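Have the viewer open while you read.

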Amino acid sequence: MSFKTVSTSHSKWLTVGLLFFAFLIGSCSPSEPPPEPEELTLEYLMSLSDEELMERDSDGDGLSDYDEIYIYGTDPLNPDTDGDGLTDYEEIYVYGTDPLNPDTDGDGFSDGQEVEMGTDPLDPSDPPFIRKNELHTIYFEPNSYDISDEASELLLENVEKLNHAVEFSLQVNGNAPDEELALKRADAIVAFYLEQGISHERIISSGIEADADSCEENTNSSNCKKSQRGESVPINPHPFAPEF
Ligand SMILES: [Ca+2]
Ligand SMILES: [Ca+2]
Ligand SMILES: [Ca+2]
Ligand SMILES: [Ca+2]
């Protein structure tokens with residue numbers, strides 16, 4: 001009976017001693033990381049060892065925290081650092097684009113948009129693009145629908161752009177104080193494009209009746225000039241337009 005009591009008291013002391021020893025080791029250990037916070041921060045990740053960072057992929061994009069922080073300079077807590085729709089991993093290992101630049105080739109379409117469109121995110125001339133005001137507008141003499149030599153040259157430049165950006169179609173607008181003349185002007189421009197080999201399917205045309213009073217006071221006024229114009233407006237075939 002008495003032997004049993006002594007034994008219990010011994011084991012009690014042994015347990016206390018072991019716990020104290022464990023506490024000492026624990027509190028003295030310099031390499032123990034702070035507990036993982038509920039919301040990960042870069043600060044917390046920076047407190048981890050290289051080995052630990054190499055084993056972690058906090059944002060699940062396929063790149064280790066170590067590679068993101070020390071090799072690529074990307075955000076280890078954001079799978080798409082530059083916000084262009086492609087993950088950091090895809091940019092580095094699949095498309096060869098810059099994970100820190102949303103538009104690697106600088107053509108105005110983001111890397112993600114280019115992948116979606118099937119164009120080359122590393123080639124600024126792909127897709128060939130005609131910007132909104134890039135096609136020339138021509139002007140007619142009052143009451144005429146003849147295309148002047150000067151206007152022909154401008155239209156030829158338009159043809160060149162349309163031949164380069166073959167996926168583009170265009171809207172031709174003839175303007176005139178009366179509808180009949182407006183339509184004739186539109187038709188004249190369309191005929192010019194057809195002669196130059198632009199396919200009929202690519203052209204939509206309309207005649208627009210412009211302000212009939214605009215030329216009465218002054219045939220040189222900007223309003224009068226506007227009513228004598230023939231516009232060629234490019235129609236973007238892509239689901240996106242460039243940023244600039
Ligand atoms: Ca990662
Ligand atoms: Ca990205
Ligand atoms: Ca681009
Ligand atoms: Ca491109």
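Two strands count as paired if DSSP finds at least two bridges between them. Helices (H or I, at least four residues) and strands (E, at least two) are DSSP runs, numbered from the N terminus. The model is predicted, so local features need pLDDT of at least 70 and side-chain atom pairs count only at pLDDT 80 or more, while totals for chains, interfaces and linings use all residues. Residues are numbered from 1 along each chain as its sequence is written, and chains are lettered from A and ligands numbered from 1 in the order in which they are written.

**The sheet**
- Four strands make an open sheet, in the order β1-β4-β2-β3 with mixed pairing.
- β1 and β3 (203–209) each have a single partner strand, so these edge strands have one side without a neighbour in the sheet.
- β2 and β4 run antiparallel, joined by six bridges.
- Glycine 174 sits opposite glycine 230 in β4.

**Helix α7**
- Leu155, Asn158 and Leu162 are the buried residues of α7, buried meaning 20 or more other C-beta atoms within 10 Å of a residue's own, with C-beta atoms placed from the backbone.
- These cover an arc of only 50 degrees around the axis (taken from the directions from the helix axis to the C-beta atoms), so they lie on the same side of α7.
- The other side of α7 has exposed residues (12 or fewer such atoms), including Asp149, Glu160 and His164.
- Cover for the buried residues includes β1 (138–139), β2 (169–176), α8 (179–195) and β4 (229–235), with contact meaning C-beta atoms, placed from the backbone, within 7 Å.

Definitions and conventions. Two residues are in contact if their C-beta atoms, placed from the backbone, lie within 7 Å.
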